[in-house]
Amino acid sequence: MLSRMKTLSCLQILTGCTNTEARVSSILKYCNSRCLAVVPQGGNTGLVGGSVPVFDEVIINVSSMNNVISFDKVSGILVCEAGCILENLISFLDNRGFIMPLDLGAKGSCQIGGNVSTNAGGLRLLRYGSLHGNVLGLEAVLANGEVLDMLGTLRKDNTGYDLKHLFIGSEGSLGIVTKVSILTPPKLSSVNVAFLACKDYFSCQKLLLEAKRKLGEILSAFEFLDEQSMALALSHLEGVRNPLPPSLHNFYVLIETTGSNESYDREKLEAFLLSAMEGGLISDGIVAQDIQQASSVWHIREGLPEALIKAGANYKYDLSLPVEKLYNLVEEMRTRLENLATVVAYGHLGDGNLHLNISAPQYDDAILAQIEPFVYEWTSKNRGSISAEHGLGLMKANKILYSKSPAAVNLMASIKKLLDPNGIVNPYKVLPQSMIH
Ligand code: MLT
Ligand code: ZN
């Protein structure tokens, strides 16, 4: 049992520390020696309670560690502190002709340390892959205050176990990420955004396959939303309108291409759209004519989490599933819930990532009983993941066995005990408590 914190004089702990990781190290050393639990916190935009204290943990917020340390224009490698806000890094790189390999709706407040600690996915994963591929190195402070310098900037390094991966996606449960080095791609000049309507989910799936085949290297996003999502956006997001003429569309797909040759890319996209239209895969669509139109189309998709918050109570599920089965779950959920709640589905179809949301005027046990454990059992039966990109945090820690074997979870618990024997770093998160003690 962790001892309760009474007073903690940070000034006392920080005396004499000049650099930021040394401050984090001093705080952790102090807390570990007294069995005081800590919660690492960045922008606090997570969706599973990973960065919030449960009882009386000390919050270590890294927001003031927000410096870019270096940027190498030749390699595109950015080294920065954990508290840098994602959007600030995007602007920093934009001025230098580069982009971040990840983009999220929460970019205005989420921080890179949190992104790395949660292995955030987002809108560009389809093109640039996950942070396990893009993060070249990191610095982390362990529970006992030891600073682990793994801040390499090499593309290739096969010397021993690649320990940085333990800190990518472990949600601050093994230590606190203080610095990261990331490979950033060059900014390409030609970006096109199409917003399309499909009559059924099967057409969305076929469209994805065709987009991968025909757009190939320029495809940078393939997002989908159903008509319930569109209705929600129209009623709760300010200034949003459906860019397609009003008629009954069951599904919408947002396709983004990013390339280096405007006329070639446009030609490629138009040929793809024409064949999709002729093949009956899309029933209507537009290609954004300028940046404003592109960003208002993106706003429909990116604004959905906000629209759901405005609509009332929301049960959120972030699932990885085989694309061909993904919408079956949504339909089964609708049947189970009947008129009790609205089932809203959208997500990163290109990555097989469904955001399943059940929206109701207020939280109600009768609704929850229809959703859980059904949603987890269904996902597990179909060999999916109960957390595609949001992590497990506090809210889903006890559900990990739906996606991982007991042997794998036991090994995770052993790693946790090895790195944090007193269990002070982000307790109650990621792993079930029963498997740690
Ligand atoms: C998104 O893709 O919009 C995010 O993962 C957030 C969410 O689903 O709530
Ligand atoms: Zn998402």
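Welcome to a predicted model, in which local features need pLDDT of at least 70 and side-chain atom pairs count only at pLDDT 80 or more, while totals for chains, interfaces and linings use all residues. Residues are numbered from 1 along each chain as its sequence is written, chains are lettered from A and ligands numbered from 1 in the order in which they are written, and side-chain values use heavy atoms, with hydrogens and water left out.

View 1. The structure holds 0 disulfides, a disulfide being a pair of cysteine sulfur atoms within 2.5 Å. Cys-110 counts as buried because its relative accessibility is 2%; Cys-31, at 0%, is buried too. Here buried means under 20% relative accessible area, exposed over 50%, and partly exposed in between (1.4 Å probe, protein chains only).

View 2. In strand β8 (residues 190–198), 8 of the 9 residues are buried. Strands (E, at least two residues) are DSSP runs numbered from the N terminus, and two of them pair if DSSP finds at least two bridges between them. β8 runs antiparallel to β10 (residues 251–259), joined by 9 bridges, with Ser-190 partnered by Gly-259 of β10. Another 4 bridges link β8 to β11 (residues 284–287), again antiparallel; in β11, Asp-284 stands opposite Ala-197.

**View 3. An open sheet of 5 strands.** The order is β3-β4-β7-β5-β6, with antiparallel pairing. At the edges stand β3 (68–72) and β6 (147–150); each has a single partner strand, so one side of each has no neighbour in the sheet. Between β5 (residues 135–141) and β6 there are 4 bridges, and Glu-139 has Asp-149 of β6 as its bridge partner.

**View 4. The surroundings of ligand 1.** Residues around ligand 1 include Leu-47, Arg-301, Pro-305 and Lys-316, counted as near if one of their heavy atoms lies within 4 Å. Polar contacts are pairs of N or O atoms within 3.5 Å. An oxygen atom of ligand 1 lies 2.7 Å from a side-chain N or O atom of His-390, and for Glu-389 such a distance is 2.9 Å. Tyr-346 has a polar side-chain atom 3.0 Å from an oxygen atom of the ligand.

Note on methods: Polar contact = N/O pair within 3.5 Å; in protein donor to acceptor, adjacent residues only side chain to side chain.
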